[in-house]
Amino acid sequence: MLVLLAVSTVSCAKESIEEEVNSYNHTAEEKVDFDYSEIENDILTLVNEHRKSLDLAPLKPIAEISVEAESHNYYMLEVGEVSHDNFGARYENLVKTVGAKAVSENVGYGYRTADAVVKAWLNSKGHKENIEGNHSHFGVSVVDDVNGRNYFTNIFIRR
């Protein structure tokens, strides 16, 4: 069971607001700045290094995207499971706040390093498609639970 939890990752993407939105709205207030931790900076760097290796344009971080990712991490921490719950609300918020035309996200749980979670995402078709997708910007958040296990949310947008 612990091994299964340690490798949990899920991806989600959508280009329209048509998908059903859960009634629970746990989205963040808009902020101007986001103070990236070392592991968050490492994820941003690793994602862009992978994109560069494929001659894809690097993605630019936007604080508001990371705020949405952080809010979702706290939601997952609260409910105790990795999910894409309320993805529609995050999509709508990013359309309104940063002009997103498309939004994708990868989530994960239990990895100890940026390298481990990015490798896991790249070994999963849906996650890899999000990382390599037609996006222009991204954001990331990593939040740990009381046992020190990390929740990850990496959101990608196209403007």
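This is a predicted model: local features need pLDDT of at least 70, side-chain atom pairs count only at pLDDT 80 or more; totals for chains, interfaces and linings use all residues.

Q: With which residue does K119 form a salt bridge?
A: Side chains of opposite charge can pair when their charged atoms come close. Here the partner of K119 is D115, with 3.1 Å between the closest N and O atoms; a salt bridge is a side-chain nitrogen of Lys or Arg within 4 Å of a carboxyl oxygen of Asp or Glu. Both residues belong to helix α5 (residues 114-122) and are 4 residues apart, about one turn of the helix, and D115, at 36% relative accessibility, is also partly exposed. Helices (H or I, at least four residues) and strands (E, at least two) are DSSP runs, numbered from the N terminus.

Q: How many salt bridges does the count come to by this rule?
A: The count comes to 4, and among them is the pair K125 and E129, whose side chains meet at 3.8 Å, N to O. These two residues lie in helix α6, again 4 residues apart, about one turn of the helix; K125 is exposed at 68%, whereas E129 is partly exposed at 47%. K128 forms another salt bridge, with E132, at 4.0 Å between the closest N and O atoms, and because these residues are 4 apart in helix α6, about one helical turn separates them.

Q: At what angle do the axes of α2 and α6 cross?
A: Two packed helices are described by the angle between their axes and the distance between the axes. The axes of α2 (residues 38-53) and α6 (residues 125-132) come within 10 Å and cross at roughly 80°, which means that α2 is roughly perpendicular to α6. V47, H50 and R51 of α2 make the contact with K128, I131 and E132 of α6, where contact means heavy atoms within 4.5 Å.

Q: Is D55, which has a positive phi, buried or exposed?
A: D55 is not a glycine, yet its phi is positive at about 60°; D55 lies in the loop between α2 and β2 (60-61) and counts as exposed, at 74% relative accessibility. N86, which is not a glycine either, has a positive phi of about 65°, but N86 counts as buried, at 4% relative accessibility, in the loop between α3 (63-79) and α4 (87-98).

Q: Which strands are joined to β5 by bridges?
A: In a regular strand the side chains alternate between the two faces of the sheet. In this model β5 is joined to β3 (residues 102-109) by 8 bridges, and these strands run antiparallel; V103 has I157 of β5 as its bridge partner. Strand β4 (residues 137-144) is likewise joined to β5 by 8 bridges in an antiparallel arrangement, with F138 partnered by F156 of β5. The hairpin of β4 and β5 has 5 residues between the strands, and there G148 takes a positive phi near 80°. Strand β5 (residues 150-158) is mostly covered, as 8 of its 9 residues are buried.

Methods:
Residues are numbered from 1 along each chain as its sequence is written. Side-chain values use heavy atoms; hydrogens and water are left out. Buried means under 20% relative accessible area, exposed over 50%, partly exposed in between (1.4 Å probe, protein chains only). Two strands pair if DSSP finds at least two bridges between them. Axes are lines fitted to C-alpha atoms, for helices over the stretch in contact, and angles run from 0 to 180 degrees between N-to-C directions. Angles under 35 degrees count as roughly parallel, over 145 as roughly antiparallel, 65 to 115 as roughly perpendicular and the rest as oblique.
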